[in-house]
Amino acid sequence: MKYISLFLLMSCMVSCTNSKQNNITNPQDYNRYLITSAADTTSKYFKLWNSKIKSDSIQLLSFGIVGAEYNRYFQNTGNIQFLKKAEQALKKATDIAAIGRAGYYRALARNYISQHRFKEALALAEKAHSIGNGLDKSKALLFDVHMELGNYETARTYLDDITDFNGFDFLIRLAKWKDHQGDLDQTIQLMEQASSLSELSKNKDLMLWSYTNLADYYGHAGHIKTAYEHYLKSLQLDPGNAYAKKGIAWILYAHEKKPKEALRILNSVMATYKSPDYHLLKAEIAEYLGDAPLHRSELTKYKKEVAHPFYGQMYNAHTIDFHLNESKQYEKALLLAQQEVNNRPTPESYSFLAYTYFKKGEQKRAVSLVKEHIDGKTFEPAILLRAAEIYKIAGNNTKVALLKDALKEASYELGPTTTKRIASL
């Protein structure tokens, strides 16, 4: 009996130690940011410039400023209508601009990137580049668009052509390139340099962008505590930042295995911030909890919200995943996957197309797509997991073993429910 008691005591000590190691978050750190209040979507400044816009207006400066304000409101609320209003204002600016048109083209292109209208964004970026004003900004934009489109070598040529190698715009894009190559350590080093530059400039927007992106990268690298600290730094700058709160909720769910606390944070965020994909995260956490009614309810809310025509193809990837793993409507998934490949022929898009064929029982077609468009072209865990499942059903155990090894450190990034699929490979 003494030996059994000693074994139980030692087991408890190990379990308690592991639990303490996982405990990174503290509600006292973030509770103050969970007080829900609607984000401001107007100001005296906005009213002044908006009032200058008439149906036949040629007030160029007004359109540019109002477009930027609408974009800020979209960032703060997630309300798609603000993004569409920003588009309208910026389109008007490009129509009437005689001077500074390149800048308006770039602004409208970034609006289209947010809407996942990448080919239209590319056309505008090329127009801006041809004008010549702000060439480095146009090259940076062209890098961004070509990365989204999966034209990686073309993107690299624009990155190499940026003249300010020590500037913020270059560093964050070189970091993105290194991440694409799977070099996470170098990615983080470059992002840390960019973050330092943003702090020196005291530019709040750049600092906020740096902190949230660094937090994501730290999380992927397994530096969860540092990721948490950077989400908190983001909230110190912007107490209403939904993305940072979502990041903390993910740490609670994926790392600390505290799904109820994660839901508490998400419920607070979603009281004032509207984005369809948040419902999918809540549904995933509900599934982990075994809460079937909440799981169904959140999926229903996602399906209803994402049907709004303003979203266009913004949530194609999420909806494909929804049809493949929840609704089991494979024909709908196939149609969207084909659209996504046409819209942005990236490894991710092809992975959805391949996985759809896999779900439909067309194994040869699925394997062919993986070999041609995914193998050796990405390091993204979710994509590699789909590829591994396809290879498993095809009986290619060598490929499965290699991919499973590559996925062994991806449990945090994928989350508990998805990680279960790795174990079954």
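## Questions about a predicted model

Trainee: Leaving aside its neighbours within four places in sequence, which residues is N316 in contact with?

Mentor: Side-chain values use heavy atoms, with hydrogens and water left out, and residues are numbered from 1 along each chain as its sequence is written. Contact means heavy atoms within 4.5 Å. With the neighbours within four places set aside, the residues in contact with N316 are L336, Q339 and E340.

Trainee: With which side chain does the side chain of N316 make a polar contact?

Mentor: A polar contact is a pair of N or O atoms within 3.5 Å, where within protein one must be able to donate a hydrogen and the other to accept it, and residues adjacent in sequence count only if both atoms are side-chain atoms. N316 is found in helix α18, and N316 counts as buried because its relative accessibility is 5%, where buried means under 20% relative accessible area, exposed over 50% and partly exposed in between, with a 1.4 Å probe and protein chains only. At 3.0 Å, the partner of the N316 side chain is the side chain of E340.

Trainee: About how much space lies in the second largest pocket?

Mentor: A pocket is an open set of points on a 1 Å grid over the protein atoms alone where a 1.4 Å probe fits, with protein on both sides within 12 Å along at least five of seven lines, and lining residues have an atom within 4 Å of a point. Grid points are joined across faces, edges and corners, and the volume is the space filled by probe spheres set on the points. For the second largest pocket, that space is about 320 Å³.

Trainee: Which elements give two or more residues to the lining of the second largest pocket?

Mentor: The lining has 17 residues, of which V306, N316, T319, H323 and L336 lie nearest the centre of the pocket. The elements that give two or more residues to this lining are α17 (292-306), α18 (316-327) and α19 (330-343).

Trainee: How many residues of that lining are nonpolar?

Mentor: Ala, Val, Leu, Ile, Met, Phe, Trp, Tyr, Cys and Pro count as nonpolar, Asp, Glu, Lys and Arg as charged, and the others, Gly among them, as polar. Under this scheme the lining has two charged residues and six polar ones, while the number of nonpolar residues is nine.

Trainee: Is K328 buried or partly exposed?

Mentor: K328 sits in the loop between α18 and α19, and its phi is positive, about 60°, although K328 is not a glycine. Because its relative accessibility is 44%, K328 counts as partly exposed.

Trainee: What is the relative accessibility of H116?

Mentor: H116 lies in the loop between α6 and α7 (118-131), and its phi is near 60°, a positive value in a residue other than glycine. H116 counts as partly exposed because its relative accessibility is 21%.

Trainee: Leaving aside neighbours within four places in sequence, which residues is N111 in contact with?

Mentor: N111 belongs to helix α6 (residues 101-114), and N111 counts as buried because its relative accessibility is 3%. Its side chain makes a polar contact of 2.6 Å with the side chain of Q115. Apart from neighbours within four places, N111 is in contact with L83, A86, E87 and L90.

Trainee: How many helices does the protein have?

Mentor: Helices (H or I, at least four residues) and strands (E, at least two) are DSSP runs, numbered from the N terminus. The protein has zero strands, and its number of helices is 25.

Conventions
This is a predicted model: local features need pLDDT of at least 70, side-chain atom pairs count only at pLDDT 80 or more; totals for chains, interfaces and linings use all residues.
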